[in-house]
Amino acid sequence: MQEDIHFMQQALKEAKRAFEEEEIPVGAIVVMNNTIIGRGYNQVEKLNDPTAHAEMIALTSAFNYLGSKYLPEASIYITVEPCLMCAGALYWSKIGRIVFGAADEKNGSISRPPFSTQPQLSPFHPKTIVQKGILQDECAQLMKSFFKNRR
């Protein structure tokens with residue numbers, strides 16, 4: 001559990017970078033053997049690219065680091081539940097473990113039907129382990145602060 005908290009704190013640092021750049025504050029890191037091999041934060045506005053989500057950037061960084069397109073031995077820590085696009089990328093990466101902080105009932109991949117109503121279904125690879133709620137309050141508060149400042 002301490003390890004999960006430590007790495008989620010690192011993902012939160014990435015989310016704060018997004019916040020400072022006026023991007024939706026989501027951060028992600030990819031970890032393998034207790035080493036961060038990929039980092040990312042939302043850069044949709046900066047890059048004018050709707051696919052520039054934190055998870056996508058962190059995954060690409062990890063693929064480049066390893067020289068591989070699969071990450072079965074890695075974990076990704078994400079401050080907010082991944083959307084369906086990112087869930088697809090995570091599926092194809094065959095990542096071993098997904099750890100996220102705050103749920104996203106509007107755009108999250110598992111907080112909406114059919115996955116929310118049929119827990120036996122998952123948008124992730126069948127071997128992927130999903131852990132949710134790590135530093136949930138801190139992750140959610142950053143999002144709330146961002147949207148409160150925008151109104």
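Analyst: Happy to. Let me start with a term: contact here means heavy atoms within 4.5 Å. Leaving aside neighbours within four places in sequence, L90 is in contact with L59, I76, I78, P82, I95, I98 and F124.

Before going further, a word on the basis. This is a predicted model, in which local features need pLDDT of at least 70 and side-chain atom pairs count only at pLDDT 80 or more, while totals for chains, interfaces and linings use all residues. Residues are numbered from 1 along each chain as its sequence is written, and side-chain values use heavy atoms, with hydrogens and water left out.

Now to the core around L90. A nonpolar core is a set of buried Ala, Val, Leu, Ile, Met, Phe, Trp, Tyr and Cys residues joined through side-chain atoms within 4.5 Å. Buried means under 20% relative accessible area, exposed means over 50%, and partly exposed is in between, with a 1.4 Å probe and protein chains only. The largest such core has 23 residues, and those with the most contacts inside it are V30, L71, I76, I78, L90, I95 and I98. Two or more residues each come from strand 1 (27-32), helix 3 (54-66), strand 3 (75-80), helix 4 (84-93) and strand 4 (97-102). These elements are DSSP runs numbered from the N terminus, with helices being H or I of at least four residues and strands E of at least two. Helix 3 gives this core its largest share, 4 residues. Apart from it lies another core, of 14 residues, with M8, I29, V99 and A102 among them. As a general point, nonpolar side chains in soluble globular proteins tend to be buried together.

Strand 1 also holds G27, which counts as buried because its relative accessibility is 0%. Not counting residues up to four places away in sequence, G27 touches A11, E14, A15, G40, Y41, A54, Y77, I78 and T79. The C-alpha atoms of G27 and L90 are separated by 15 Å, and the two residues are 63 apart along the chain.

Rings of Phe, Tyr and Trp (its six-membered ring) pair if their centres lie within 6.5 Å; planes under 30 degrees apart count as stacked, over 60 as edge-to-face and the rest as tilted. By this rule there are 4 aromatic pairs. The ring centres of F7 and Y77 are 5.5 Å apart with their planes at 40°, so this pair is tilted. It links distant parts of the chain, as F7 sits in helix 1 (residues 2-20) and Y77 in strand 3, 70 residues apart. Both F7 and Y77 are buried. F19 and F146 make an edge-to-face pair, at 6.0 Å centre to centre and 65° between the planes. F19 lies in helix 1 and F146 in helix 5, so this pair ties together parts 127 residues apart in sequence. F19 counts as partly exposed because its relative accessibility is 26%, whereas F146 is buried, with a relative accessible area of 5%. Together with F147, these two residues form one aromatic cluster.

F147 leads on to the open space. A pocket is found on a 1 Å grid over the protein atoms alone: it is an open set of points where a 1.4 Å probe fits, with protein on both sides within 12 Å along at least five of seven lines, and lining residues have an atom within 4 Å of a point. The largest pocket is lined by 24 residues, of which I24, D104, N107, M143 and F147 lie nearest its centre. Helix 5 (136-150) and helix 2 (44-47) each supply at least two lining residues, and helix 5 gives the most, with 6.

Finally, two loop residues. N33 lies in the loop between strand 1 and strand 2 (35-41), and has a positive phi of about 55° although it is not a glycine. N33 is exposed because its relative accessibility is 68%. N48, in the loop between helix 2 and helix 3, also has a positive phi, near 50°, and is exposed at 71% relative accessible area. For background, most residues other than glycine have a negative phi.
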